[in-house]
Amino acid sequence: MSPLKLFLDAAADLVWLEASKKDPAISPAFCADSLPFVPLPCLPSLAAKCLGLAIIAGACVVKLPLFRNILRSRSTAGISRGSSYGEVLMYSNAVIYSILCGNPFTAWGETAVNLVQCFVLVHLLWKYPSSVGSAVSVRERLLFLSATMAYFVACGTVLPERYYYLIIAMNWPTMVYSRGTQIILNFRAGNTGQMAFFTVFMQWGGCIARIGTTIKEVGWDLSLLFGYSLGAVFNTILCLQVLLYRERTAQFRKEIFGKKE
């Protein structure tokens, strides 16, 4: 098979649209045979797929500014450990639910990327305590890792299909806890610590964009849509905190760097 044919087949899969389930005339072959001119019926799904890929690409760098701040200061001050644990659970639920439901990767790929980055953040929280004397115990680390692995196995092998919706529904209270603890910590401290505006803003934008792509690629899955809407609300509050506390945060970071030097 020629490289061109392979490319056309891949492109056909990319522009495969949900509407094809209703209209048999619209198929991967139909879209591929029309390339490089994309037929009008293929455009909505092509746009949704491309936006999904863009979200996944953006997710690859979303926490890099936060990691840079932590590595430069060798401190995780201002980052809630409970919030980070909650993020691991949230993204784990989203990945597991999407895989079990057979949703297209372009509709949830960024959650897998974010999950990996959340594990990196947890490692940094363990390596660089937020303050002197706040080292994370080995017991807490083992409990977190074992509970996470047990949860993956249970959801993937034990949970009946009729209860899949509970996986994503768990994200609602988890998000309230995860985002809420970070918001409260910022409010009490009067600064946002090592948080980066780019990271929070990208998370906010991802939630907004995911509402549209979910409707197009998955359908009106209210469990997913409510979760993304809730995430957008909490990330809006975090964005406002980063902007409102930017002067005090800058002063706080100067003090942190001064102590490390």
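The model is predicted, so local features need pLDDT of at least 70 and side-chain atom pairs count only at pLDDT 80 or more, while totals for chains, interfaces and linings use all residues. Numbering starts from 1 along each chain as its sequence is written, and side-chain values use heavy atoms, with hydrogens and water left out.

Now the search terms. On a 1 Å grid over the protein atoms alone, a cavity is a set of points where a 1.4 Å probe fits but cannot get out; a pocket is an open set with protein on both sides within 12 Å along at least five of seven lines; and lining residues have an atom within 4 Å of a point. A volume is the space filled by probe spheres set on the points, which are joined across faces, edges and corners.

The second largest pocket holds about 220 Å³. Its lining has 13 residues, with Tyr85, Gly86, Leu89, Phe144 and Thr148 nearest the centre. They split into 8 nonpolar, 5 polar and no charged. Helix H5 gives the largest share, 6 residues. Helices here are DSSP runs (H or I, at least four residues), numbered from the N terminus.

The largest pocket has about 480 Å³ of space. Of its 28 lining residues, Tyr91, Glu110, Asn114, Cys207 and Tyr228 lie nearest the centre. Helices giving two or more residues to this lining include H5 (81–101) and H6 (109–127). The lining counts 14 nonpolar, 11 polar and 3 charged residues. Where does the largest pocket lie? Domain 1 (63–159) and domain 2 (170–254) both contribute to its lining, so it lies between them. Those bounds come from an automatic or database domain assignment.

On H5 and H6: their axes come within 9 Å and cross at roughly 155°. Axes are lines fitted to C-alpha atoms, over the stretch in contact for helices, with angles from 0 to 180 degrees between N-to-C directions. The two helices, H5 and H6, are therefore roughly antiparallel to each other, a label for angles over 145 degrees.

The whole structure has 2 cavities of 30 Å³ or more. The largest cavity is about 190 Å³, and among its 16 lining residues Lys63, Leu66, Glu87, Gln182 and Met195 lie nearest the centre. Domain 1 and domain 2 each supply at least three residues of that lining.

Notes:
Ala, Val, Leu, Ile, Met, Phe, Trp, Tyr, Cys and Pro count as nonpolar, Asp, Glu, Lys and Arg as charged, and the others, Gly among them, as polar. Angles under 35 degrees count as roughly parallel, over 145 as roughly antiparallel, 65 to 115 as roughly perpendicular and the rest as oblique.
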